[in-house]
Amino acid sequence: MQAGKDAIYSNPQAIEPFRFDQAVAEVFPDMIQRSVPGYATIIDTIGQLVARFAQDNSQVYDLGCSLGAASLAASKYLNKHNCKIIAVDNSKAMVERCRLHTKAFKSATPIEVICDDLQNIVIEQASVVIMNFTLQFLAPEKRAAIIDKIFTALLPGGMLILSEKLQHKDAKSNDLMIELHHEFKRRNGYSELEISQKRSALEDVMRIETFEHHQLRLQTAGFQEVCLWFKCFNFASIVAIK
Ligand code: GEK
């Protein structure tokens with residue numbers, strides 16, 4: 001098997017709830033780019049958004065950073081004074097690898113990598129907060145509190161970048177988006193067995209919501225502008241500006 005290639009669900013197995021463990025961290029770049037349509041575009045655009053919205057003397061947070069792809073894109077484009085990027089993940093396996101990646105990339109903006117639950121982190125002096133496919137892994141009843149906390153911590157004009165897998169209100173549209181996503185995975189080399197076993201593993205771990213639900217939660221928190229800037233099938237990225 002090719003090193004770094006995701007074959008976690010290639011054999012029939014008793015399905016356990018999905019975890020971001022060592023096996024996942026080892027193949028994560030391959031897994032995410034073969035599973036999330038537009039991932040490379042989203043990461044690069046996050047870098048550009050950070051360049052535009054980061055403010056001098058402020059912090060950029062990457063909550064649920066995995067191996068640090070969004071933090072690295074941010075540091076590549078960031079050219080403001082006295083900024084710091086704070087990358088957070090509660091998977092030890094991810095954080096260990098993230099530290100290696102971010103150390104290897106010599107950026108002008110320092111990146112601090114913290115291993116903790118993002119809900120425990122003090123967020124302050126924030127100009128940009130990134131949650132790139134992370135909120136969906138928090139229990140639904142905990143989501144409003146973290147969005148409220150981010151809104152409070154953002155400086156005026158600050159931005160939250162929120163990427164999520166979406167559910168659709170209309171059943172036929174929902175089925176179509178799921179089918180198009182499965183076809184995307186098949187075309188990227190995943191078998192029917194891999195697709196269905198991964199789906200079962202994620203069932204209770206990743207609870208997805210509609211765009212309208214996210215929009216209402218962001219507006220209720222106080223965000224004046226909520227813009228869906230990317231969507232492909234059932235994957236989306238939203239920017240919310242304070
Ligand atoms: C990327 N943003 O490549 N606290 C901290 N981290 C968490 C928590 C939590 N409560 N829950 C989940 N995570 C990345 C991709 S992956 C998305 C993000 C995916 C972490 C978890 O350990 C994992 O690393 C990440 O959120 C989600 O731009 O795999 O679909």
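Predicted model: local features only at pLDDT ≥ 70, side-chain atom pairs only at ≥ 80, totals over all residues.

In the side chain of serine 66, an N or O atom lies 2.8 Å from an oxygen atom of the ligand. Asparagine 90 takes part through its backbone, where an N or O atom is 3.2 Å from a nitrogen atom of the ligand. A polar contact here is a pair of N or O atoms within 3.5 Å.

Residues are numbered from 1 along each chain as its sequence is written. Local features need pLDDT of at least 70 and side-chain atom pairs pLDDT 80 or more, while totals for chains, interfaces and linings use all residues, and side-chain values use heavy atoms, without hydrogens and water.

## Surroundings of the ligand

The ligand is surrounded by 20 residues, and Tyr39, Gly64, Ser66, Asp89 and Leu118 are the closest; a residue is near if one of its heavy atoms lies within 4 Å. This shell comprises ten nonpolar, seven polar and three charged residues, with Asp, Glu, Lys and Arg counted as charged and Gly among the polar ones.

## Aromatic pairs

The whole structure contains five aromatic pairs, meaning rings of Phe, Tyr and Trp (its six-membered ring) with centres within 6.5 Å; planes under 30 degrees apart are stacked, over 60 edge-to-face and the rest tilted. The rings of phenylalanine 151 and phenylalanine 223 are edge-to-face, because their planes stand at 80 degrees, with the centres 4.9 Å apart.

Key. Polar contact = N/O pair within 3.5 Å; in protein donor to acceptor, adjacent residues only side chain to side chain.
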